[in-house]
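Biologist: I have a model open and want to learn how to read it. Can we go through it feature by feature?

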Amino acid sequence: MRLPIGENLDIMTVTATVPQKKISSKKVPAGKKKMIARDISWLSFNARVLQEAADTSVPLRERIRFLAIFSNNLDEFFRVRVATLKRMMSFGKSAKMHLEENPGKILDEIQVNVIDQQREFDRIWKDIFNELEAQHIFLRTEKQLNREQQKFVLNYFNEEVRTNIIPLMIESIQHFPILRDRSIYLAVVLARQDNSVRQKFALIEIPTNVLPRFIIMPSKEGQHDIILLEDLVRFCLPSIFYYFGYDKFSSHIIKVTRDAELDIDNDISDSLIHQIEKGLKDRRKGKAVRFVYDKDIDPLLLEYLMRRQGLSGKDNLIPGSRIHNFKDFMDFPESIFPPHIHRKTFIHPLFLNAPSVMHVIQQQDVMLHFPYHSFDTIIDLLREAAIDPNVSSIKITAYRLARNSKIVNALVNAARNGKQVTVVLELRARFDEAANLDWKSRLEDEGVKVLLGIPNTKIHAKLCVIKKRIGTKTLQCGFVSTGNLNEKTARVYGDHCLLTTNRAIIADINRVFAYLQSARHDAGILIGCKTIPVSPLNMRDTFIRLIDREIKNAKNKKKAVIILKMNSLSDPLLIAKLYEAAKVGVDVKMVIRGICCAYTENKKWKKNITAVSIVDEYLEHARVFIFHHGGQEKVYIASCDWMVRNLDHRVEAAALITDPAIRRELIDIMHIQLSGNVKTRILDNEQKNEYKKVGDKKIRTQMEIYKYLHEKQYQ
C-alpha cells in the first residue's frame, strides 16, 4: 500500500483559464484568516502513518510497510513542498502561495518536526527490529556473516552486483557528480592500517533499481537471515578496491532529495510534450532540498561532501541511522511471514448473474465502492463496449494508470473494433509524466484520439461516457469516479464510482468533454451543467451556496448539518465559510485523511467542528459532500479536495447523487466512518492525533463498511 501524497502535494501556481464568479474571488473576511499551516498539517498526517507502524496490533509485515510509506511520503514532501518553499524564499518578501506567507518560518518548523519524527521512526524501527529477531528473522550486517554466508555473499556479488557498480573516486573528479534523487550511495573512506598513504574518498551508487534490496541468505532451519544490498557491497569493498592497495575501509549511506518541480511553459500539444521531456531530464539535476546521512559518518567525509555539493547548514541536513531509503521496505520479503488474510474484494451483487454490465446500468444506477467492490466491473464495462457492435464511441479521462493497464487494453481494442475512442490524458500527473507520455504514443499508434489538456490547468476529473446506437435510438451510459482508473490502486484505495444512464448526468458529462475538446476551451459550454459542478468554473460557488443554505437554516432554528469527506482541506474561502457555519450552530462533521488547515474549536462558535482522520489498511481516498438541505439531502461525490489548486487550477467534476437508494447508501457509509473509534484520530487545533475514545463497542470503520456492503440486499 502507498499513500498517494504526491497527488496531494501537487502545486499549481498559475492563473485559472476559466474565471471564477465574484463570490469566489472575495478576500477571506477579516478575523477568519487564521488557519493551520498546510505543511505542518501534512507532517501531522504523516505522523498518523507513523502511529500505524507503532501499533503492535498491526501485523509485523504491515508495520514495516507503514514505515516504508512514511519514508516515501517524506521523500515526496521534500521533493515538492520543501522545494516549493525554498523557491519562494528565493523570491523574497513578495512570495506568497496560498497559505505560505512566511516560507522561512515554515521551513524552520518543518526541520524541527522532521527531526522529531525521525527520532520516533528510529524508536519504532528498533522495536520492530527486536520483534523480527524474536520471530527468528535477522537482518545481518557485513560483520555478522558466518563462513557459509560469506561465501554466498561473495558469489552473489561477483555474479549479480559487480557489473552493476562503478565506484566514483570523487577527489579526482573536477566537477562533482550529480547524485541521483531516490538513490542511495555508499560513501567510503579508503585508508591503510599503517597510515602509510593518505586516505581517499569514494562513492558507490547502490543499484537498487536493478537488484533487490533484500537478499535472503543460507540460514539455519526455522530461521531467516537477510542482508541488505548495501551491506553486501560493504562486505566486498576489499574486492572492489583491491588494486589501490588499501586495507582499511569505513562506509556510510547518504542520499540526496532534489526539487521535483517541472518548469513547463503554457503551450499545449507538441510543445508541452517537449517541455515535459526536457523537464524530466532537468528534474534529475534539480536543486538539493535535503541531504540525509548516517549520523556516524566520518566528519571529514561529511564536510567534504557538503562542500563539493555546495550545501550549508540551512539545506535540511538530516542525520539519520544506518539505513536510508526505507521506502524500499515496501518490498521486504513477504514469504518469511505467515500469510496475512486480507478481506477479499467482491463483485457488486447486481452484476453477479447479469448478462452484462451495460444491461444492469440501463435498468438502474449503481455505485461501486472500492476496494470492497471489485474494479473488474469497470474493466468489464469497457471490454463490453469494445466488442459491442452497437457502441459507436467511448470518451474517457485518464490521470494515473496502472503499469500494465487493462483500461488501456480495452480502449485499444475498442479502437481496433472501429469505435471512436477519445482519451483525455493528463501528461502533467506528477511523477507519472514519463508513463503518460508512453501511453500517449501507444494509444495514438492504435488509432485512439488523445487530447492533452488545457494551458495552465490540469485535468483531474474522472469521467467516462459510452454512446450506443440501436436502430434510430441512441443510448448512453457512463461513470463519475472519485479515484483514478487504476486497477492496482483500486485494491487498496477507498473510492466511489457512480455507473449511470441518468440523462441529466450523462448530458453534463458530455458538456465537460465538449469543453475539453473545444479549440478555445469555451467555459460557456459548462454553464448548462445541472448535476455536475465543474472547477474551475463553479465548484467552489456551488459548495458556498450549499453552506449558506445550512447557515440560513441554523439561524432560523432549523436542523443544519454538513458532512464532508476529503483528502485535504486548505481552501481559505471554504474554510472561512465553515467557520461561519460553526459560529451560528451548523453541525459540521468532517473525515479528512491528510491536510486539515481548519481549526475545529473556537469559544465564539455555537458548535465546534467535529473532524477525524482514519488511517488503516485501506487508503481513504474518496471525496463525499453531504448537506442536510432542509431534510432533502444534497449528496455529491467528487474528484477534488477543497484546495486552491483543485478549485482554481484543475478541471474537476463532482456529481449530484439523484438516486435515493444510492444517496442513502453514501449517507450510511459516512455515518459509519463518523462513528468509528478504532484507527480514528481526532483532528484538533493542536493536531495532536489523539485516538478517538473507544466506547462500549469497538467500531473499525473499514471492517464495518465491508460488512455493510457485503450483507446489503439489492432490488
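**A helix against a sheet**

Modeller: Start with helix H5 (residues 147-161), which lies across S4 and S5. Helix H5 runs at about 135° to S4. Keep in mind that this is a predicted model.

Biologist: What is the strand order of the open sheet, and what is its pairing?

Modeller: The order is S1-S5-S4, three strands with mixed pairing. Strand S1 (137-140) and strand S4 (214-217) are the edge strands, each pairing on one side only. On average, neighbouring strands of this sheet are turned by 35° against each other, direction ignored.

Biologist: How many bridges join S1 to strand S5?

Modeller: Four bridges do that, and S1 and S5 (residues 224-228) run parallel. To find one on screen, pick Leu 139: its bridge partner in S5 is Ile 226.

**A buried helix**

Biologist: What span does helix H15 reach, and what is expected?

Modeller: Compare its ends. H15 (residues 539-555) has 17 residues and reaches 25 Å from its first C-alpha to its last.

Biologist: How many residues of H15 are buried?

Modeller: Buried means under 20% relative accessible area. In H15, 12 of the 17 residues are buried, so the helix is largely enclosed by the rest of the structure. Among them are Phe 543, Ile 544, Leu 546 and Ile 547. Just after H15, check the backbone at Lys 557, which takes a positive phi of about 65°.

**Salt bridges**

Biologist: How many salt bridges does the count come to?

Modeller: The test is a side-chain nitrogen of Lys or Arg within 4 Å of a carboxyl oxygen of Asp or Glu. The count comes to 42 salt bridges. Take Arg 63 and Glu 131, whose side chains meet at 3.0 Å, N to O. Arg 63 lies in helix H3 (residues 60-91) and Glu 131 in helix H4 (residues 103-134), so the pair ties together parts that are 68 residues apart in sequence.

Biologist: Is Arg 63 buried or exposed, and which class does Glu 131 fall in?

Modeller: Arg 63 is buried, with a relative accessible area of 2%. Glu 131, at 28%, counts as partly exposed.

Biologist: Which residue forms a salt bridge with Asp 641?

Modeller: Arg 623 does, with the closest N and O atoms 3.1 Å apart. Asp 641 sits in the loop between strand S23 (634-638) and helix H17 (644-648), and Arg 623 in strand S22 (residues 623-627), so this pair ties together parts that are 18 residues apart in sequence. Both Asp 641 and Arg 623 are buried. Salt bridges can also share partners: they join Glu 52, Asp 55, Lys 679 and Arg 681 into one network.

Biologist: How far apart are the closest N and O atoms of Lys 589 and Asp 587?

Modeller: They are 3.5 Å apart. Lys 589 is partly exposed, at 26% relative accessible area. Asp 587 is buried, at 17%.

**Cysteines**

Biologist: How many disulfides does the structure hold?

Modeller: A disulfide is a covalent bond between the sulfur atoms of two cysteines. The structure holds zero. Look at Cys 596: the closest cysteine sulfur, in Cys 597, is 7.1 Å from its own, too far for a bond. Cys 596 is buried, with a relative accessible area of 1%. Cys 640 is buried too, at 0%.

Methods
Residues are numbered from 1 along each chain as its sequence is written. This is a predicted model: local features need pLDDT of at least 70, side-chain atom pairs count only at pLDDT 80 or more; totals for chains, interfaces and linings use all residues. Side-chain values use heavy atoms; hydrogens and water are left out. Helices (H or I, at least four residues) and strands (E, at least two) are DSSP runs, numbered from the N terminus. The expected span of a helix is 1.5 Å times one less than its number of residues. Buried means under 20% relative accessible area, exposed over 50%, partly exposed in between (1.4 Å probe, protein chains only). Two strands pair if DSSP finds at least two bridges between them. Axes are lines fitted to C-alpha atoms, for helices over the stretch in contact, and angles run from 0 to 180 degrees between N-to-C directions. Contact means heavy atoms within 4.5 Å. A disulfide is a pair of cysteine sulfur atoms within 2.5 Å.
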